[in-house]
Amino acid sequence: MLHTSDWHLGQKFMGKSREEEHRAFLDWLIETIDEHKVDALIVAGDIFDTGTPPNYALELYYTFLKRLCTTTCRTTIITAGNHDSIATLNAPKEILGLLDVHVVSSGEEDNSERIIKLYDNLGALAGVVCAVPFLRDGVVRKGVSGESHQEKEAALIEGMEDYYNEIADAAQEIIGKEPHIPVIATGHFTTVGGQTSDSEREIYIGSTMNIPSNFLAERFDYVALGHLHRSQKVGSGCDHVRYSGSPIPLSFSEAGNRKKVTIVGFDGAIPLVEEVEIPTFRNLYRIKGSKEEILDALKEIEDEEGWTEVEIIDDNTYAALQEIQEYADAHNLTLLAKKVTRSAASVGITELEIVDLDEITPLEMFMKRLELDDMEDEVLREKLITEFKTIENEVATA
């Protein structure tokens, strides 16, 4: 079984298309599936970057699924992430089912769709997958008037655990008295201990909403997670609860991260996990320092295809940035982001940081606006943040 997630097809990176990188990744993935004789593929959410992906992103998706028919992969399971539109994923669902491609998008499907059986070459049951997509708040929690922020958060965690317990119990009924058959689950959320980056969007009302990884580890033989973009296992002793991470870096905070897919074989129900590193299709560089330090670092980069972010610490910022940009232009280097940090002495205040708007999220901007009001009513502040997150997620998933 190969586990991947967070493709974000159609993403614009500061105005730049990622089509070339995504196309290269999908070509590599087809080769890897054949090379490792993969029987089943799991894509754990965020196939697309937006609910209305561009046509080229849809073409990449459909072409990839068609090409899978020529590989060793017999079963494909695709679950929705918080970036995905239920309607977009569901549109070709019936046709894809003929290719043994299972799409689970809302979490409200019945068990005949959510629980997928895997068979070996002889037709014997070899595994059961509990295909759980990103679970929207309304699926797992009923709103109660007057609930506090903490009460909503607790109810959400309880609802998520109930959901996974219910589907795990249903899978156990299928395997019956065959403990050697593995039960696999998918999910799209943040677990306790997961390492985040700058490119994940908060997806639940409670910013600290986490499902304990040990809870998942106890109920399932392998858990294929999506949402966090760093490849990682989570929890103490939970080697089989994993994020595959995104196949390409989705922000400069991921520059230098090793991107991977996870391949899982089973000895009975015991998972045998192998990480396979994905080639780098475009380098991202982060450089911070004085004008001289940045220019010296740029001289070490001979990569016309790479993208660079610079953060300059200089009081004469206009002249310094102009010189840096001129050097980059003369050497065909692409500077996509320029940040400025000025010293306290130059501005007469404690700190001034100028950030490119492409590098700040709507929620971060909203938080900065709240800081200007110096709001003392903490309850009102938390309520405003909660309402903003709710609206932002409704807009993003509409």
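These are my notebook entries on the structure above.

**Ground rules**

I am working from a predicted model, where local features need pLDDT of at least 70, side-chain atom pairs count only at pLDDT 80 or more, and totals for chains, interfaces and linings use all residues. Residues are numbered from 1 along each chain as its sequence is written, and side-chain values use heavy atoms, with hydrogens and water left out.

**Overview**

I looked up the secondary structure and found 13 helices and 18 strands in the chain. Both are DSSP runs numbered from the N terminus: helices are H or I of at least four residues, strands are E of at least two. I then checked burial. Of the 398 residues in the chain, 49% are buried. Buried means under 20% relative accessible area, exposed over 50%, and partly exposed in between, with a 1.4 Å probe and protein chains only. Next came contacts, meaning heavy atoms within 4.5 Å. Among the contacts with a separation of 6 or more, 69% join residues 24 or more positions apart.

I traced an open sheet of 6 strands in the order 6-5-4-1-13-14, with mixed pairing. Two strands pair if DSSP finds at least two bridges between them. The edges are strand 6 (101-104) and strand 14 (270-277), and each pairs on one side only. On average, neighbouring strands here are turned by 20 degrees against each other, direction ignored. I took axes as lines fitted to C-alpha atoms, for helices over the stretch in contact, with angles from 0 to 180 degrees between N-to-C directions.

Thr79 has Val104 of strand 6 as its bridge partner.

Which strands does helix 1 touch? Helix 1 (residues 19-35) packs on the sheet and touches strand 1 (2-4), strand 4 (40-44), strand 13 (260-267) and strand 14. Its direction makes about 160 degrees with that of strand 1. Helix 2 (residues 55-68) lies across strand 4, strand 5 and strand 6, at about 155 degrees to strand 5.

Strand 7 pairs with strand 8 in the antiparallel sense over 5 bridges. There, Ile116 has Val129 of strand 8 as its bridge partner. The hairpin of these two strands has 5 residues between them, and Gly123 takes a positive phi near 90 degrees. Gln232 is bridged to Tyr243 in strand 12.

I noted Asp6, with phi near 55 degrees. Asp6 sits in the loop between strand 1 and strand 2 (12-13), and is buried at 0% relative accessible area. Lys37 has phi near 50 degrees. Lys37 lies in the loop between helix 1 and strand 4. Buried or exposed for Lys37? Lys37 counts as exposed, at 61% relative accessibility.

**Cysteines**

I searched the whole structure for disulfides and got 0. The test is a pair of cysteine sulfur atoms within 2.5 Å. Cys73 is buried at 9% relative accessible area, and Cys130 is buried at 0%.

**Tyr164**

I placed Tyr164 in helix 7 (residues 149-175). Tyr164 is buried, with 1% relative accessible area. C-alpha to C-alpha, Tyr164 is 8.7 Å from Cys130, though 34 residues away in sequence. Leaving aside neighbours within four places in sequence, the contacts of Tyr164 include Val132, Leu135, Phe189, Phe215 and Phe220.

**Second largest pocket**

I looked at which strands line this pocket. Strand 7 (115-119), strand 8 (125-130) and strand 13 each supply at least two lining residues. Strand 13 gives the largest share, 4 residues.
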